[in-house]
Amino acid sequence: MIFRRVAEGRPYPEHGLSAGQWAEIPPSQVRLDDLTTTKTQLDLEHLLEDDSTFFGDLFAHVVSWEGELFLEDGLHRALRAALQQRNMLHARVHSIGKKA
């Protein structure tokens, strides 16, 4: 299993972070098998494009909510990592709710 589970949609409350606010969060490594996806489908052409990260953030966006890590943006990056036999992904992690 690549991910903890595959889900459709975001179960957590809206966080309202802009692209600039995401960019202020330092990236960290996250295990792929700790992530729950928020999308059930991916465009294969997008996955295979050489410049698929050219216009976006270089790091995936993960939301930590109620003890679970949700992959909000960067599914194609996570799948590329899995295809390259890597079990870790560099991501920006935003926590919603109680701080640990």
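This dialogue explains how to read several features of the predicted model shown above.

Student: What kind of model is this, and how are its residues and atoms treated?

Tutor: The model is predicted: local features need pLDDT of at least 70, side-chain atom pairs count only at pLDDT 80 or more, and totals for chains, interfaces and linings use all residues. Residues are numbered from 1 along each chain as its sequence is written, and side-chain values use heavy atoms, with hydrogens and water left out.

Student: How many helices and strands does the protein have, and which pattern do they follow?

Tutor: Helices (H or I, at least four residues) and strands (E, at least two) are DSSP runs, numbered from the N terminus. Here there are three helices and six strands, in the pattern β-α-β-β-α-β-β-α-β along the sequence.

Student: Which strands pair with β6, and in what sense, parallel or antiparallel?

Tutor: Two strands pair if DSSP finds at least two bridges between them. Strand β2 (residues 27-31) pairs with β6 in the antiparallel sense over five bridges, and Ser28 stands opposite Ala91 in β6. β4 pairs with β6 in the parallel sense over six bridges, with Trp65 opposite Ile96 in β6.

Student: What is the accessible surface of the protein?

Tutor: Accessible areas come from the Shrake-Rupley method with a 1.4 Å probe; for residues, only the protein chains shown count as cover. The accessible surface of the protein comes to about 6400 Å², and 52% of that belongs to carbon and sulfur atoms.

Student: Which residues have the most contacts inside the largest nonpolar core?

Tutor: In soluble globular proteins, nonpolar side chains tend to be buried together. A nonpolar core is a set of buried Ala, Val, Leu, Ile, Met, Phe, Trp, Tyr and Cys residues joined through side-chain atoms within 4.5 Å. The largest one here has 13 residues, and those with the most contacts inside it are Phe3, Leu32, Leu35, Leu71, Ala78 and Leu89. β4, α3 and β6 are the elements that give two or more residues to this core, and the largest share, four residues, comes from α3. Apart from this core lies another, of seven residues, among them Tyr12, Trp22, Ile25 and Ile96.

Student: How many aromatic pairs are there, and how are Tyr12 and Trp65 arranged?

Tutor: Rings of Phe, Tyr and Trp (its six-membered ring) pair if their centres lie within 6.5 Å; planes under 30 degrees apart count as stacked, over 60 as edge-to-face and the rest as tilted. A search of the whole structure finds three aromatic pairs. Tyr12 and Trp65 form one that is edge-to-face, at 6.5 Å centre to centre and 65° between the planes. Tyr12 lies in the loop between β1 (5-6) and α1 (19-23) and Trp65 in strand β4 (residues 60-65), so the pair ties together parts that are 53 residues apart in sequence. Trp65 and Phe70 form a tilted pair, at 6.4 Å centre to centre and 50° between the planes. Trp65 is buried at a relative accessible area of 18%, and Phe70 is buried at 2%. Tyr12, Trp65 and Phe70 form one aromatic cluster.

Student: Where do Glu66 and Gln85 lie, and are they buried or exposed?

Tutor: Glu66 lies in the loop between β4 and β5 (68-73) and has a positive phi of about 50° although it is not a glycine. At 66% relative accessibility, Glu66 counts as exposed. Gln85 lies in the loop between α3 and β6, and its phi is near 65°, a positive value in a residue other than glycine. Gln85 is exposed as well, with a relative accessible area of 72%.

Methods. Buried means under 20% relative accessible area, exposed over 50%, partly exposed in between (1.4 Å probe, protein chains only).
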